[in-house]
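Me: Could you walk me through this one? I'd like to go through pockets, helix packing and aromatic rings.
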Amino acid sequence: MTIKTKAAVTKGERSRQKIVETAAVLFNQKGFTGCSMGDIVAASGLEKGTLYGHFSTKEELALLAFDYAWKETSDKRLRNIDTVSNAVDKLKVHVDNYVNTPSFPGGCPLLNFAVDADDGNLALRTRVRKALKGWEDLLAKIVEDGQSAGQINPEIDPHSVANLVISILEGATVVARINKRSAALDDAQRHLSLYLETAVRLRTASRDGKGQ
């Protein structure tokens, strides 16, 4: 009896996860308003009763779908950051990941769900703002650690760096989506690299070619 119950729970968890993963793609591609619970039932291949057995409302599902899509996206953007020791290089790896790693189906979840949040969905807007704040704090922490290690200009504001990196990348993503080409993201990476090397990285005497 115990084994059967455990198996049933595991099957239920698998169904729930499948629903979340399916919904994450559909919400990200169609938007909260454009995606119906029926669409999710059809795409998942599960029964309608199974869907509503796990999620009573579309909003409840959308929140978890965003969490899943954002975690998948964030993990890709943070890939290999720990393989470099210098804080500026960590930021450059992050930018490179953003520009060159295939995005979540439908594009950046932060941008897509933010559009839905603008329609008055307070719970979704709160979730998106929390994700953005987490991204900003993570980048700012890299800058702060770099300042403590003598790698980054101590006079620069960590959150200003984080906000600039995020704003340029997300803005370029919007332009690239409109133009259907990646030139905007390539330009963003090139200018961010220049900014990180000239304004953020701490210039030492040996690096500048002085005192040698």
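Me: What volume does the largest pocket have?
Reply: In this predicted model, the largest pocket has a volume of about 250 Å³.

Me: And which residues lie nearest its centre?
Reply: Of the 17 residues that line the largest pocket, Tyr 98, Thr 101, Ser 103, Cys 108 and Thr 173 lie nearest its centre. The elements that give two or more residues to this lining are helix H4 (58–77), helix H5 (87–100) and helix H8 (158–179).

Me: How does the lining divide by class?
Reply: The lining of the largest pocket has eight nonpolar residues, together with six polar and three charged ones.

Me: Switching to packing: at what angle do H5 and H9 cross?
Reply: The axes of H5 and helix H9 (residues 183–200) cross at roughly 175° and come within 10 Å, which means that H5 is roughly antiparallel to H9.

Me: Which residues make that contact?
Reply: On the H5 side they include Val 88, Leu 91, Val 95 and Tyr 98, while H9 contributes, among them, Leu 185, Gln 189, Leu 192 and Leu 196. By class, the residues of the contact of H5 with H9 divide into nine nonpolar, three polar and four charged.

Me: Now the rings: how many aromatic pairs are there in the whole structure?
Reply: A search of the whole structure finds six aromatic pairs.

Me: Where do Phe 66 and Trp 70 sit in the chain?
Reply: Phe 66 and Trp 70 are in helix H4, and because they are four residues apart there, about one helical turn separates them.

How values were computed
Residues numbered from 1 in each chain as written. Predicted model: local features only at pLDDT ≥ 70, side-chain atom pairs only at ≥ 80, totals over all residues. Heavy atoms only, no water. 1 Å grid on protein atoms, 1.4 Å probe; cavity = no way out; pocket = protein on both sides within 12 Å on 5 of 7 lines; lining within 4 Å. Points joined across faces, edges and corners; volume = space filled by probe spheres on them. Nonpolar A, V, L, I, M, F, W, Y, C, P; charged D, E, K, R; others polar. Axes fitted to C-alpha atoms, helices over the stretch in contact; angles between N-to-C directions. Parallel < 35°, antiparallel > 145°, perpendicular 65-115°, else oblique. Contact = heavy atoms within 4.5 Å. Phe/Tyr/Trp six-rings, centres within 6.5 Å; stacked < 30°, edge-to-face > 60°.
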